[in-house]
Amino acid sequence: MADQIPLYPVRSAAAAGHKRAAYYSSAGPGPGADRRGRYQLEEESAHLDEMPLMMSEEGFENDESDYHTLPRARIARRKRGLEWFVCGGWKLLCASCCDWLINVCQRKKELKARTVWLGCPEKSEEKHPRNSIKNQKYNVFTFIPGVLYEQFKFFLNLYFLVVSCSQFVPALKIGYLYTYWAPLGFVLAVTITREAIDEFRRFQRDKEVNSQLYSKLTVRGKVQVKSSDIQVGDLIIVEKNQRIPSDMVFLRTSEKAGSCFIRTDQLDGETDWKLKVAVSCTQRLPALGDLFSISAYVYAQKPQLDIHSFEGTFTREDSDPPVHESLSIENTLWASTIVASGTVIGVVIYTGKETRSVMNTSNPKNKIGLLDLELNQLTKALFLALVVLSVVMVTLQGFAGPWYRNLFRFLLLFSYIIPISLRVNLDMGKAAYGWMIMKDENIPGTVVRTSTIPEELGRLVYLLTDKTGTLTQNEMTFRRLHLGTVSYGADTMDEIQTHVLSSCTQVHPQTGGNNPSSTPPRRAQSSTPKVRKSVSSRVHEAVKAIALCHNVTPVYESQAGVSGETESAEADQDFRDENRTYQASSPDEVALVRWTESVGLTLVSRDLSSMQLKTPGGQVLTYCILQVFPFTSESKRMGIIVRDESTAEITFYMKGADVAMSSIVQYNDWLDEECGNMAREGLRTLVVAKKALTEEQYQDFESRYSQAKLSLHDRMLKVAAVVESLERDMELLCLTGVEDQLQADVRPTLEMLRNAGIKIWMLTGDKLETATCIAKSSHLVSRSQDIHIFRPVTSRGEAHLELNAFRRKHDCALVISGDSLEVCLKYYEHELVELACQCPAVVCCRCSPTQKAHIVSLLRQHTGRRTCAIGDGGNDVSMIQAADCGIGIEGKEGKQASLAADFSITQFRHVGRLLMVHGRNSYKRSAALGQFVMHRGLIISTMQAVFSSVFYFASVPLYQGFLMVGKVGPQDGDLTSHQPGSTQDKRHWTLCLLKFG
């Protein structure tokens, strides 16, 4: 893998060795050493321009003379002067001038941070864009010029236009005008009609979205406004199941908990609901109208692409002292998301093209097939042959008479080499291929939305696919519970239910005796290895930990808003199972909570401060939530501290990936082995542990934790350090295995595509662990292949050394996160793409929609191969439009990807037949058709050349009429172009007498 990648020059072997030693010495145990190493790298990053990306362990010992033998060095020697201009410099010069003119005309304003006053759009310091969605490519004035430019920017079509226009000149006229203009007009009419229909449909969709009505809160009450009339600073009320029209800060909700759920499947592709929290200052106001009685504003950062982060502050000035509240991503409501629970009120901070969803959406482009581009290049070569042949004929004629006119007439006579029937026949053939695809009974529901590129399906090299909803059904099923000495599978879940039932009936009379022993955690933990717990108690502890350690919230659909949940929280008889659904940011957690419900321990209520569990006997257990530590890609674990209201016991529960939890839990000899076994089965594993805390221990932790959160410098590091002080010597409870069900026939489809030579990349917005597990279970990565997980990098130095580590791996799949990918592409774009393209499979996780499209564009630029993107959500639209061929799946996430794609299918398994059968056949038929038409033109032109040579090189046609589109008929329209009595006229009449008898 590494032998083909060029290097940068080496400054000195000693300095390079020092850098490498500093890096590997910092990789020792302990987080402190790792942080010190990273700080050293950041200080030395200024010298990395001269530091090589190593090809081997001895890479640092290469002297500078070796560098100049590499291809990169030869490329770096740029040509100067006339040589540079002739070899492509004129293209760069023209492109630079065009970019400058476009920038001058558009005058894009610089995006800035803003201060937004609640309910006062007139106080805005600058003008903001209208909140209208516009997906149209043209307007009334640019439609005809734009469509004509797209057609005639190719040499093939431009050649036909010039030939047709030449027939208006009497001296150059060969046949009737309709023989040239009819086929050209047919092609243009079909193209303009198709573009007009697509443009009108886009206009209708935009008009429908922009005309949606929303309630705007004013001093006089609620007012109905269109989505396109919403301004920055407006207070907008969004009802349940209504689309959020613009980016807003979440101020109030009808739910008493002060939070709500939103669906973000059209933004990031994840079907799980996200929990959003209202600004506490505005949520505590007695009435909705009090929002206008306060003087408050929101300071928001400048608009940016990242949909997973936000920084801002909320300030209320009329209070003493002024209230300042920090805002984060959990206080935002991004446009194009859906409110899933309650009614929300927010203040608009970004509108129109400054919203996150629009900034992550690329403009659609006209896709041209590789066959059309190859024919365009071949047309240029044939045109040169045409010119040479015409010059030869004029030369042999001796340049007699008006030779320039004869030259042009020969060009027209030999134009059969490039017949206009080539374009007509290919377009008609592509339409037939599309009809055959849609009528195929083996892939029902397939729709061809772009009929100009069916042959591209047979020429693909890279297939970039989404994960959620494309490869998987996004339906999690609990499969395995392992306690160390005993393992439970799908066939033995009834045993777990029996253990939970027996343990719950025994725990109540023994509660008083167990309390004192569980109060001091140190003594309890030290005695745990000596005292053998029963299987029932161990199972009950594991199930209770799974039922408590999560961020799942039960929702009761039959009752309106949060009031119904509050009522159900007050009385046991209102907990009706048939009305309850679970919502969380991860489907894994929902699967775990559903499983605990199936074995007898049910989550019936949860808010920001407490949760309630119902036992098999019907008793409701209440737990107070003291702290929640959410899951992050860096920590790979989440935790929660709860207090049992009945016993006042404080327990710290934690679950996470085995790589993160193995060093936290007490010593055991089975965890690593069982994790490997479950991973080979394609299961997603989670390690669950707990730790009992005394009241003194928790109070000490809370004080240190609060101080760390108020720190202004290195807040994240200090908070992590305080939490890590608790994550020591935890009791290992169990190991869980959850299966993400794949779409039907995903494994054989991927295997068939891989055998066909197609490289498959998976681009997903999901977590790294989830993406890796799906890559294994779907056989995207074979069981025998190694997986290189790219470490998180934040600086150039870290990216440099991590790329060196990756270079030493051979024949291994790459797994990289979106943040690390962004850093590597910033400094080492060429090297990363070269290495990734040599991998058998690549998995990119935590990718934003823009990053997905950027990866597709990089593959096209660096490899020159044809790419195909397939997805099912709104977050995949940019990727689908950036690829040479886009395939959309109609799934749970709506039809947005399907409507934006070139081809629409209903299941992923249909991709195999679409590419292997229809794509291959379309390519073979189009290639054969193009060869036939060109060969026919060459034969006719050869006959024309022999005919003219025999009869004194006369520039008269052998065949006249509609031959250019396949019909032959005698015409005499060329007789008027000769002067009576001339030598050429006599030759012409002789030819005509011979021809017509």
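Hi everyone, let's start inside the fold: Thr867, Ala869 and Gly871 point one way from strand β31, while Cys868 and Ile870 point the other way, and all are buried. Please keep in mind that this is a predicted model. As a reminder, side chains in a regular strand alternate between the two faces of the sheet.

Now for the neighbours of β31. Strand β15, residues 462–465, pairs with β31 in the parallel sense over 4 bridges. Within that pairing, Leu464 has Ala869 as its bridge partner. Strand β32, residues 885–889, also pairs with β31 in the parallel sense, over 4 bridges. There, Ile870 stands opposite Ile887.

Which residue does Arg866 meet in a salt bridge? The partner is Glu456, with an N to O distance of 2.8 Å. This pair links distant parts of the chain: Arg866 lies in the loop between α30 (849–863) and β31, Glu456 lies in the loop between β14 and β15, and 410 residues separate them. Are these two buried or exposed? Both Arg866 and Glu456 are buried.

The structure holds 27 salt bridges, so let me show you two others by way of contrast in setting. One is between Arg704 and Asp700, whose closest N and O atoms are 3.2 Å apart. These residues sit 4 apart in helix α23, residues 695–709, which puts about one helical turn between them. Arg704 is partly exposed, with a relative accessible area of 31%, and Asp700 counts as partly exposed at 41%.

Another salt bridge joins the side chains of Asp745 and Arg909, at 3.1 Å from N to O. That pair also links distant parts of the chain, 164 residues apart: Asp745 is in the loop between β26 (731–742) and α25 (746–755), and Arg909 is in the loop between β33 (903–905) and α33 (910–950). Asp745 is partly exposed at 39% relative accessibility, and Arg909 is partly exposed at 35%. Coming back to Glu456 and Arg866, salt bridges with shared partners join them with Arg860 and Asp884 into one network.

Next, the antiparallel sheets. An open sheet of 9 strands runs in the order β17-β16-β26-β25-β24-β23-β22-β21-β20. Its edge strands are β17 (487–488) and β20 (602–606), each pairing on one side only. Inside this sheet, β22 (residues 620–629) and β23 (residues 637–644) pair in the antiparallel sense over 6 bridges, and Val628 has Ile640 as its bridge partner.

An open sheet of 3 strands has the order β7-β6-β12, again with antiparallel pairing. Here β7 (273–277) and β12 (338–339) are the edge strands. Strands β6, residues 259–263, and β7 pair over 5 bridges, with Ser259 standing opposite Val277.

Last stop, the surface. Which residues form a negative patch there? They are Asp306, Glu634, Asp819 and Glu822. Asp306 is in the loop between β8 (296–300) and β9 (312–316), and it counts as partly exposed at 33% relative accessibility. A patch of positive charge gathers Arg201, Arg205, Arg449 and Lys895. Arg449 is in the loop between β14 (447–448) and β15, and is partly exposed at 32%.

Terms used. Residues are numbered from 1 along each chain as its sequence is written. This is a predicted model: local features need pLDDT of at least 70, side-chain atom pairs count only at pLDDT 80 or more; totals for chains, interfaces and linings use all residues. Side-chain values use heavy atoms; hydrogens and water are left out. Patches are made of residues with over 30% relative accessible area and no salt bridge: like charges are joined within 9 Å, nonpolar side chains (Val, Leu, Ile, Met, Phe, Trp, Tyr) within 5 Å. Accessible areas come from the Shrake-Rupley method with a 1.4 Å probe; for residues, only the protein chains shown count as cover. A salt bridge is a side-chain nitrogen of Lys or Arg within 4 Å of a carboxyl oxygen of Asp or Glu. Lys and Arg count as positive and Asp and Glu as negative; His and the chain ends are not counted. The place of a charge is taken as NZ of Lys, CZ of Arg, CG of Asp or CD of Glu. Helices (H or I, at least four residues) and strands (E, at least two) are DSSP runs, numbered from the N terminus. Buried means under 20% relative accessible area, exposed over 50%, partly exposed in between (1.4 Å probe, protein chains only). Two strands pair if DSSP finds at least two bridges between them.
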